[in-house]
Amino acid sequence: ARWGLRLQVGLRIGDRVSIPEYATELLDGYLPIISTRWQDQGLACVQTAVATYLDGEPEDHRGDETVVLLSRLIVHNPTDEPVGAVISWHTEPAEALVLNHGLVMARGVFRDGRLESYPELGYRFHIKHDPDQRVEVVDDPVAGSLLLWKFALEAYQHATIELAVPFVPPADDHQRERLAALNFDDTVLLETKRWRQIVDKAARFETPDRLLNDFYKAQLVHT
């Protein structure tokens, strides 16, 4: 089944008008490692996303390799007062979610307010967070199940959470374990090196305009 994942600061559901202004940038101006920055409800948020092969880059690309999106969200309190925060995720279409030791599964989909159970649990993603923070699943009549990340931030402190989202469900327990073990920082270094090598193999195109240079390099990693 096709599904999407939506993040919101707080518990506002389905209010697309309230989406705050944001700024997105590529690493070094052209690499496909994307950071998005925004502020919402007094919190400064930065989400960085990178895609990688679960089992390493293959020698011969078949097109059906398991690819995983790793996402790190950093939430910062820019004020001199402590704050409590809630970050929520829900799937689209609205699903009933189950959380078990960081593993998020879907047991069914809501249609017209009624739950239609899946024949078996569907793998959605794996989540990592600090042990002193709380992540829980609660049901919502509009959005289905909400995955809530609740935490408190002292003045000028930040909190971090990471998601590993496979483009196709893991085939077996071995792949699930490998997905859960992926390290975000190591993956960013790996993919940065891999994409730079791809760009360096292409013909050089340099102008006095850095934006134009970055645009050319960005086209290389998307072709």
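A: Eleven salt bridges are present in the structure, a salt bridge being a side-chain nitrogen of Lys or Arg within 4 Å of a carboxyl oxygen of Asp or Glu. The model is predicted, so local features need pLDDT of at least 70 and side-chain atom pairs count only at pLDDT 80 or more, while totals for chains, interfaces and linings use all residues. Residues are numbered from 1 along each chain as its sequence is written, and side-chain values use heavy atoms, with hydrogens and water left out.

One of the salt bridges is formed by the side chains of Glu92 and Arg6, at 3.9 Å from N to O. This pair links distant parts of the chain, with Glu92 in strand 6 (residues 83–92) and Arg6 in strand 1 (residues 4–9), 86 residues apart. Helices (H or I, at least four residues) and strands (E, at least two) are DSSP runs, numbered from the N terminus. Glu92 is partly exposed at 33% relative accessibility, whereas Arg6 is buried at 10%. For these classes, buried means under 20% relative accessible area, exposed means over 50%, and partly exposed is in between, with a 1.4 Å probe and protein chains only.

Arg178 and Asp55 form another salt bridge, with their closest N and O atoms 2.9 Å apart. Here too the pair links distant parts of the chain: Arg178 belongs to helix 1 (residues 173–181), Asp55 to the loop between strand 4 (43–53) and strand 5 (67–76), and they are 123 residues apart. Both partners are partly exposed, Arg178 with a relative accessible area of 33% and Asp55 at 47%.

A salt bridge also joins the side chains of Arg72 and Asp185 (3.0 Å, N to O). Arg72 lies in strand 5 and Asp185 in helix 2 (residues 184–201), so this pair ties together parts that are 113 residues apart in sequence. Arg72 is buried, with a relative accessible area of 18%, and Asp185 is partly exposed, with 41%. Salt bridges that share partners also join Glu57, Glu191 and Arg194 into one network.

Arg194 has a further contact: its charged end sits over the ring of Trp195, 4.7 Å from the ring centre. The rule for this is NZ of Lys or CZ of Arg within 6 Å of the ring centre and within 35 degrees of the ring normal.

Next, the aromatic rings. There are two aromatic pairs, counted where rings of Phe, Tyr and Trp (its six-membered ring) have centres within 6.5 Å; planes under 30 degrees apart count as stacked, over 60 as edge-to-face and the rest as tilted. Trp149 and Phe151 form a tilted pair, 4.2 Å centre to centre with 35 degrees between the planes. Trp149 is buried, with a relative accessible area of 0%, and Phe151 is buried as well, with 8%. Ring pairs link these two and Trp89 into a cluster.

Last, a pocket. Strand 9 gives the most to the lining of the second largest pocket, with seven residues. By class, that lining has twelve nonpolar, one polar and three charged residues; Ala, Val, Leu, Ile, Met, Phe, Trp, Tyr, Cys and Pro count as nonpolar, Asp, Glu, Lys and Arg as charged, and the others, Gly among them, as polar.
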